[in-house]
Amino acid sequence: MSKTISILGLGAMGTALDNALIDAGNVMTVWNRTQTRADALVARGARRAKTVSEAIAASDLIILCLTDYAAVDATLADVGPMLANKTVVNLTNGRPDEVRAIAARLEGYGARYLDGGIMATPPMIGSPHAFILYSGSADAFEGAKEQLAAFGQSHYLGEDPIFAAVNDLALLSAMYGLFGGYLHATALAGSVGVTAKQFLPLVEPWLAAMMTALPDYAERIDSGDHARDVMSNLAMQSVAITNIVTASRSQGIDPAFMEPMERLAQKRLAGGFGTDEISGIIEVMRAK
Ligand code: NDP
């Protein structure tokens, strides 16, 4: 069933979201600070709202996808009371403190607030590979889930509005760790003349093979037992980590990405956990 939906924010992601909703047969109202960015969507049948108020008035389901929460605050600054009884789905990347503040403010106006974290790039939206994390009002999620399914898989994480943002940032941490590690590795290999394309057939299967360690690490982390059946102990691995940092320097590569890993490994070692698995480093991360 199609419903009127308003989207505020037509950057790369907002445009992809809007296209997916149009593809699913929804009637869309679109607003963007720079109005011309709506032209292609209007050509596909979306209604152009000239003001934020017009966009809010047009729909009961309001989706926001802006650069940051400062942009969300600026956009909603004058329309708070209009949000009473509306569902607001905010898919802007943010921090838990920002999410709490905006959830409280919009709920104060009588809105149902759902926060979201998009785990996809714009071209992935609408494909089975895209998934979106949601948290906040269960009523809002129940009421909107049919429409939100147009974006990809939906994961509702619970009523606390910060769950989606924290999980989103956690998943992005894993991604940036992977990207940073890959870039450092490629720079180090490049110091002896290996091109990125030549290195790829080595690094890609290596990373895929190392991913298989995660279920074992997850079990160790949840049980707190990093000492049972250890195959690759921290004392041994910390030699390799320090070798990476030292060799990077001598090869003319900035070791900045790997230095924090060395510090954490040394801290855990100093605590007397050299015979544990490397998963135990999480204990020093948690201790701050
Ligand atoms: P873009 O830079 O393409 O678009 C930013 C949007 O925010 C534009 O619509 C811009 O309007 C608007 N905007 C910025 N500042 C203001 C303001 N002060 N008032 C009103 N509107 C403002 O970003 P994306 O679309 O790529 O990203 C949007 C959100 O989606 C971000 O939170 C991002 O983290 C998230 N996301 C993006 C992904 C991606 O790969 N692109 C992946 C996952 C999440 P204007 O056109 O007028 O400048």
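Start with the backbone: a polar backbone atom of Gly11 lies 3.3 Å from an oxygen atom of the ligand. Keep in mind that this is a predicted model.

Asn32 places a polar side-chain atom 2.7 Å from an oxygen atom of the ligand. For Thr34, the distance from a polar side-chain atom to a ligand oxygen atom is 2.6 Å. As for burial, the ligand on its own exposes 900 Å², and 73% of that is buried by the protein.

Now the wider shell. How many residues surround the ligand? There are 21, and the closest are Met13, Asn32, Thr34, Arg37 and Asn93. By residue class, the shell holds nine nonpolar, 10 polar and two charged residues.

On the pocket itself, the space that the ligand takes up is the second largest pocket. Which elements give two or more residues to the shell around the ligand? They are helix 1, residues 12–23, and helix 4, residues 69–76. Helix 1 gives the most, with three residues.

Last, the overall layout. The protein chain is divided into domain 1, covering 4–159, and domain 2, covering 191–286. Taken over C-alpha atoms, the centres of domain 1 and domain 2 are 39 Å apart.

That is what I have; I will take questions now.

Technical notes:
Residues are numbered from 1 along each chain as its sequence is written. This is a predicted model: local features need pLDDT of at least 70, side-chain atom pairs count only at pLDDT 80 or more; totals for chains, interfaces and linings use all residues. Side-chain values use heavy atoms; hydrogens and water are left out. A residue is near a molecule or strand if one of its heavy atoms lies within 4 Å of it. A polar contact is a pair of N or O atoms within 3.5 Å; within protein, one must be able to donate a hydrogen and the other to accept it, and residues adjacent in sequence count only if both atoms are side-chain atoms. Accessible areas come from the Shrake-Rupley method with a 1.4 Å probe; for residues, only the protein chains shown count as cover. On a 1 Å grid over the protein atoms alone, a cavity is a set of points where a 1.4 Å probe fits but cannot get out, and a pocket is an open set with protein on both sides within 12 Å along at least five of seven lines; lining residues have an atom within 4 Å of a point. A molecule sits in a cavity or pocket if more than half of its atoms lie within 2 Å of its grid points. Helices (H or I, at least four residues) and strands (E, at least two) are DSSP runs, numbered from the N terminus. Ala, Val, Leu, Ile, Met, Phe, Trp, Tyr, Cys and Pro count as nonpolar, Asp, Glu, Lys and Arg as charged, and the others, Gly among them, as polar. Domain bounds come from an automatic or database domain assignment.
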